[in-house]
Amino acid sequence: MMLPKRYTCGLISLCLMIRCTGGNERCGASIRGACPPAWSQWGDKCYKQLSENLPWAEAKQECIKIGSVLVMPQSQEETEFLRENLSIWFWIDCNDLEGSWECRDGTTDVVYTDWGRGEPNNGHREDCAVVTDSGVWNDVKCEDRAPVICKRPAPQLQF
Ligand SMILES: [Ca+2]
Ligand SMILES: [Ca+2]
């Protein structure tokens with residue numbers, strides 16, 4: 001039986017309240033929820049691969065349309081999770097369209113980099129970055145089509 005969300009939250013809050021009055025120091029913390037159906041969970045993040053390969057700018061737009069952002073891995077562990085569970089290669093939110101490389105996870109600047117040997121080389125006026133099938137980054141033409149992974153935070157239940 002599926003309970004309406006309102007009641008489910010109510011029940012969870014009630015349980016927490018009971019625990020709180022029992023002297024639990026962790027009262028008031030948020031609880032990490034599960035990702036929506038069809039999204040894969042890694043820590044407090046949810047990921048989904050779109051059904052078709054797209055140019056970079058379209059990839060960004062399509063992720064925004066479904067309430068998420070183009071993925072921008074911040075560690076080798078996150079990259080490996082994505083390559084093992086979603087796609088071996090994919091666009092990342094990283095470009096030098098304005099002259100210098102900018103990598104962003106949503107609105108947060110990302111300092112982690114994992115360029116392949118000799119990359120980024122701006123080989124054919126390449127301004128957008130992918131995680132390649134060997135796992136390191138390469139700059140490629142933004143018009144190229146690559147797999148798209150969108151990211152959103154896992155829902156947080158606040159109390
Ligand atoms: Ca470039
Ligand atoms: Ca390149």
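Look at R104 first: R104 stands opposite D109 in strand β7. Please keep in mind throughout that this is a predicted model. The two strands involved are β6, residues 102-105, and β7, and they pair in the antiparallel sense over two bridges. Strand β7 covers residues 108-109, and D109 is in that strand.

Is D109 buried or exposed? D109 counts as exposed, because there are 9 C-beta neighbours inside 10 Å, and the exposed class runs up to 12. There is also a distance to note here. D109 and C94 are 15 residues apart along the chain, and their C-alpha atoms are separated by 9.8 Å.

Now the sheet around that pair. Strands β6 and β7 belong to an open sheet of five strands, in the order β7-β6-β5-β8-β9, with antiparallel pairing. The edges are β7 and β9, residues 137-140; each has a single partner strand, so one side of each is left without a neighbour in the sheet. As a reminder, strands of a sheet pair through backbone hydrogen bonds, either parallel or antiparallel.

Next, the loop that leaves β7. Between β7 and β8, the latter being residues 128-131, there is a loop that contains P120. The peptide bond from E119 to P120 is cis, with omega near 0 degrees. R125 lies in the loop between β7 and β8 as well. Phi of R125 is near 50 degrees, which is a positive value in a residue other than glycine. For context, most residues other than glycine have a negative phi, and most peptide bonds are trans. R125 is exposed, because 8 other C-beta atoms lie within 10 Å.

On to the other sheet. What is the order of strands in the open sheet of four? The order is β2-β3-β10-β4, and the pairing is antiparallel. The edge strands are β2, at 40-42, and β4, at 69-70, each pairing on one side only.

A38 sits in the loop between β1, residues 31-32, and β2. A38 has a positive phi of about 80 degrees although it is not a glycine. A38 is exposed, because 8 other C-beta atoms lie within 10 Å.

Strand β2 is joined by three bridges to β3, residues 45-49, and the two run antiparallel.

L50 is in the loop between β3 and α2, where α2 is 56-65. Which residues does L50 touch, leaving out those up to four places away in sequence? They are E62, V148 and C150. The C-alpha atoms of L50 and P147 are separated by 7.3 Å, although the two are 97 residues apart along the chain. L50 counts as partly exposed, because there are 17 C-beta neighbours inside 10 Å, and a buried residue would need 20 or more.

Finally, the whole chain. The protein has three helices and 11 strands. Along the sequence, the pattern reads α-β-β-β-α-β-α-β-β-β-β-β-β-β. Of the 159 residues, 22% are buried. Among contacts with a separation of 6 or more, 62% are between residues 24 or more positions apart.

Key
Residues are numbered from 1 along each chain as its sequence is written. Chains are lettered from A and ligands numbered from 1 in the order in which they are written. This is a predicted model: local features need pLDDT of at least 70, side-chain atom pairs count only at pLDDT 80 or more; totals for chains, interfaces and linings use all residues. Two residues are in contact if their C-beta atoms, placed from the backbone, lie within 7 Å. Two strands pair if DSSP finds at least two bridges between them.
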